[in-house]
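Subject: Structure handover

Hi,

Here is the structure I promised. Please open it alongside this note.

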Amino acid sequence: YWLLKAAEQGKPEAEHRLGLLAASEAPPDWVAAADWFAQAAAQDYVDSQYNLGVLYAEGRGVEQNKIKAGQFFSKAAMKGHPDAALDYGIMVFRGDGVKKDEKVGAEWLLVSAKRGNPVAQNRVARLYATGRVFAVDPVEATKWHMLARKGGRSDAWLDDFIARLPEATRKEGETRAQSFT
């Protein structure tokens, strides 16, 4: 009752929470979730901007629209949302609904990685390991892989890549991962 009252008064946090409630119903009411997220997003509520981007990307409660998804991910990423930076980075890297630019996409992945997103940390590790976009840097690849693993994101290919590195390189990467804040 009070949450609905607050939302009716235009309180973005209440609108966002009602969107979350609608999305968590069994079955989810994606249309209601999208409506509530849109109201909060219009007031620059960053979590709603991200969630609305997800709904547009997946076509839940709204017609699938990668361009709109990219716009909402971009807005949320610019405000520091790590998951939005990951999703926007992937979209830009691939050119999925936005202009393709691997370098800019990789930079957004790095932003997300630095904010603790293990999926982004994994992607950044692979970029450093392969030399795609970033210069080959086995120490940085090791650092980001260790951080991603700590966050629950494993990668057998990177495990093998790092196992074949000289011990000093591995140790330096591990040291960087341990001192990462």
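This is a predicted model: local features need pLDDT of at least 70, side-chain atom pairs count only at pLDDT 80 or more; totals for chains, interfaces and linings use all residues.

Pockets

The second largest pocket has a volume of about 170 Å³. Its lining is made up of V54, A57, E58, K66, F73, D87, I90, M91, R94 and D96. The most comes from α6, with 4 residues.

The largest pocket holds about 200 Å³ of space. I90, F93, R94, L109, R123, R126, L127, T130 and R132 line the largest pocket. Two elements give two or more residues to that lining: α6 (82-94) and α8 (118-130). Here α8 has the largest share, 4 residues. By class, the lining has 4 nonpolar, 1 polar and 4 charged residues.

A buried serine

S112 sits in helix α7 (residues 102-114). Its relative accessible area is 0%, so S112 is buried. Leaving aside residues up to four places away in sequence, S112 touches P82, A85, L86, N117 and A120.

Salt bridges

Side chains of opposite charge can pair when their charged atoms come close. The count here comes to 12 salt bridges. Three of them are worth a look on screen.

Start with K100 and E102. Their side chains meet in a salt bridge at 4.0 Å, N to O. E102 has a relative accessible area of 23%, so E102 counts as partly exposed.

Next, D159 and R149. Their side chains form a salt bridge at 3.6 Å, N to O. This pair links distant parts of the chain, 10 residues apart: D159 is in helix α10 (residues 156-163) and R149 is in helix α9 (residues 138-150). D159 is partly exposed at 32% relative accessibility. R149 is also partly exposed, at 43%.

Last, E172 and R176. Their side chains meet in a salt bridge at 3.1 Å, N to O. Both lie in helix α11 (residues 167-179), 4 residues apart, so about one helical turn separates E172 and R176. E172 is partly exposed, with a relative accessible area of 36%. R176 is partly exposed too, at 30%. Salt bridges with shared partners join E140, K143, E172 and R176 into one network.

Best wishes

Technical notes:
Residues are numbered from 1 along each chain as its sequence is written. Side-chain values use heavy atoms; hydrogens and water are left out. On a 1 Å grid over the protein atoms alone, a cavity is a set of points where a 1.4 Å probe fits but cannot get out, and a pocket is an open set with protein on both sides within 12 Å along at least five of seven lines; lining residues have an atom within 4 Å of a point. Grid points are joined across faces, edges and corners, and a volume is the space filled by probe spheres set on the points. Ala, Val, Leu, Ile, Met, Phe, Trp, Tyr, Cys and Pro count as nonpolar, Asp, Glu, Lys and Arg as charged, and the others, Gly among them, as polar. Buried means under 20% relative accessible area, exposed over 50%, partly exposed in between (1.4 Å probe, protein chains only). Contact means heavy atoms within 4.5 Å.
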